[in-house]
Amino acid sequence: MASSSRSETPEDTSFSTMDEKDPTLIGVHCQYEYCNQLDFLPFRCESCRGTFCLDHRTETSHHCSKPGEWAARRRLANQSKRSLGEGKMMADVEKPCASPTCKTTIGTSLSTGVHCSICNRDYCLKHRLGEDHDCRNLVPIGARVGRFNEQQTSAKLAFGKLRAWGAAQKAKVASTRVLPEPKPSSAAARLVAVNQLKKTAKGDAKVPPEKRVYINVDAEAATTTSKFPTGAFFYSKDWVMGRVLDAAAKALQVENVNNQGMDEKDKLRIFHVEAGRLLEFNEKVGDALVSGNRIVLLRGVGPAVPDLIQA
């Protein structure tokens, strides 16, 4: 017990051991009036600076004349230290997520904060995206309300012009291009067609059978010199449409300059016949297509913008 007690440090206790390596130290009598024991390894009280034996080393055991002085000095020393948040940005300090429905504390080692530069607020990882915290309807912190309303009006006007342009592009495509129409059929007929498609479809053999989506692919006349070259292929449902376009263009020997930064009129796009819309490059096959669908490679039809073109 004595050896474990003597290993305690002054930072954790109100007493400290005296220099045990001093060759002139021949022992000191305990200064507690009822003890006076000779101790060769004495302790010094950090409050009253007296010397005591092992049994009377604490303030309580020797009835210290200045109780708590050591604790007061330590408290003042801790208060003089720089705080953990001093000199840090607001996003680095612990604070609640700015979303009114969220109770997550951000700025900790387990939950970092993400600053939204649009609404000038800090959010947790779950609400970091604009659509997750309704950013478009929030007035940015520090912004003037009148000026913010003017920006919203300008954005709505620009959005309206973009929708009008998309409608014009869709009408132009419908009037100048002849696209294959989806053939209505019963569920049994579609099942037979898919089974027949599986027998002739080609694709990457590394794609697992359970992830394959079997598709009919056509190249529209304006896309290539051949007239509606077609093929049956299968793709992984985890692929994005951009990868499908590259694979289909290579298989049908259609020139693909999408990755060369050319004008939009020279780029290829994918038209989904059953859905009647252009597909985005980042859409996944499993989300946009099912086995038996038909897609067409078109050139120069502009961006997909499916949310701007109304049917």
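## Strand 12 and its partners

Strand 10 (residues 202-203) and strand 12 run parallel and are joined by 2 bridges. Within this pairing, Lys202 sits across from Phe233 of strand 12. Please keep in mind as you look around that this is a predicted model.

Strand 12 also pairs with strand 11 (residues 212-219), this time in the antiparallel sense and over 7 bridges. Here Asn216 is the residue that stands opposite Ala232 in strand 12. If you follow strand 12 along residues 230-236, you will find it mostly covered, with 6 of its 7 residues buried.

## A look at His56

Now let us turn to a single side chain. His56 lies in the loop that links strand 5 (51-52) and helix 2 (69-79). Because its relative accessibility is 16%, under the 20% cut-off, His56 counts as buried.

Which residues does His56 touch, leaving aside those up to four places away in sequence? The contacts are Cys30, Tyr32 and Cys35, together with Ser61 and His62.

## The protein as a whole

Stepping back, the protein contains 6 helices and 15 strands. Of its 311 residues, 33% are buried. The protein exposes about 20400 Å², and carbon and sulfur atoms supply 53% of that area.

The contacts can also be viewed by distance along the sequence. Among contacts in the protein with a separation of 6 or more, 50% come from residues 24 or more positions apart.

Key
Residues numbered from 1 in each chain as written. Predicted model: local features only at pLDDT ≥ 70, side-chain atom pairs only at ≥ 80, totals over all residues. Heavy atoms only, no water. Helix = DSSP H or I, 4+ residues; strand = E, 2+ residues; numbered from the N terminus. Buried < 20%, exposed > 50% of the residue type's maximum accessible area, 1.4 Å probe, protein only. Contact = heavy atoms within 4.5 Å. Areas by Shrake-Rupley, 256 points an atom, 1.4 Å probe, with all protein chains shown as cover. Pairing = 2+ DSSP bridges.
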